[in-house]
Amino acid sequence: MVSFLSSSISVVFADLDDDGKMDMMMGDNVKATGKPVKFRVQLSGKVITDTPYTVNVIKNGNPYKTFQTSGKVPTVEFTDTPVLIGRTYYRLEVTGPSTPYPEVPGSMALTGNMVGLSNPLYFNFDPNF
């Protein structure tokens, strides 16, 4: 789930086996393999194409990486290796130009430049792993 704070939508995916196909998305929980995972963050919906968005990646509750992106479909990709033993999670916060969210009139005044917050992608959170 993403908390939508404007009409832009942020989606987080991960490619677990480097085959170019995204194998998991926000909220999913998988067993870590000890191999690198490729993550993709994609903004869609109504975006402002000529102004950058900032994507802050949070790993295990701590700032991990920050990216700038813009364009018709702003996208960010990064690679990291979740721990094999123990738990790892990634979530994101997206800031940038707000766009009207018709379902919540006046939301732009309340949210400022916060565009979205994602649910995490989880690794090793199932006790059966």
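Predicted model: local features only at pLDDT ≥ 70, side-chain atom pairs only at ≥ 80, totals over all residues.

Me: Which aromatic pair does phenylalanine 78 form, and how is the pair arranged?

Reply: Phenylalanine 78 pairs with phenylalanine 39 in a stacked arrangement, with 4.8 Å centre to centre and 10° between the planes. Phenylalanine 39 lies in strand 5 (residues 37-45) and phenylalanine 78 in strand 8 (residues 75-80), so the pair ties together parts that are 39 residues apart in sequence.

Me: And phenylalanine 39, is that one buried or exposed?

Reply: Phenylalanine 39 counts as buried, at 0% relative accessibility.

Me: What about tyrosine 89 and tyrosine 122, how are their rings placed?

Reply: These two tyrosines form a tilted pair, 6.5 Å centre to centre and with 45° between the planes. Tyrosine 89 belongs to strand 9 (residues 88-95) and tyrosine 122 to strand 11 (residues 121-123), so this pair ties together parts that are 33 residues apart in sequence. Tyrosine 89 counts as partly exposed at 22% relative accessibility, and tyrosine 122 is partly exposed at 26%.

Me: How many aromatic pairs are there? Which residues do ring pairs link into a cluster?

Reply: The count comes to eleven aromatic pairs. One cluster linked by ring pairs consists of Phe39, Tyr64, Phe67, Phe78, Tyr90 and Phe123.

Me: Changing topic: which residues touch the most other members of the largest nonpolar core?

Reply: That core has 24 residues, and those touching the most other members are Phe39, Val41, Val55, Phe78, Val94, Leu121 and Phe123. Two or more residues each come from strand 2 (8-15), strand 5, strand 6 (53-59), strand 8, strand 9 and strand 11. Strand 5 gives the largest share, four residues.

Me: What does valine 41 touch?

Reply: Leaving aside residues up to four places away in sequence, valine 41 touches Val11, Val12, Val55, Pro74, Thr75, Val76, Phe78 and Leu92.

Me: What share of the contacts joins residues at least 24 apart?

Reply: Among contacts between residues at least 6 apart in sequence, 67% join residues at least 24 apart.

Notes
Residues numbered from 1 in each chain as written. Heavy atoms only, no water. Contact = heavy atoms within 4.5 Å. Phe/Tyr/Trp six-rings, centres within 6.5 Å; stacked < 30°, edge-to-face > 60°. Buried < 20%, exposed > 50% of the residue type's maximum accessible area, 1.4 Å probe, protein only. Core = buried A, V, L, I, M, F, W, Y, C linked by side-chain atoms within 4.5 Å.
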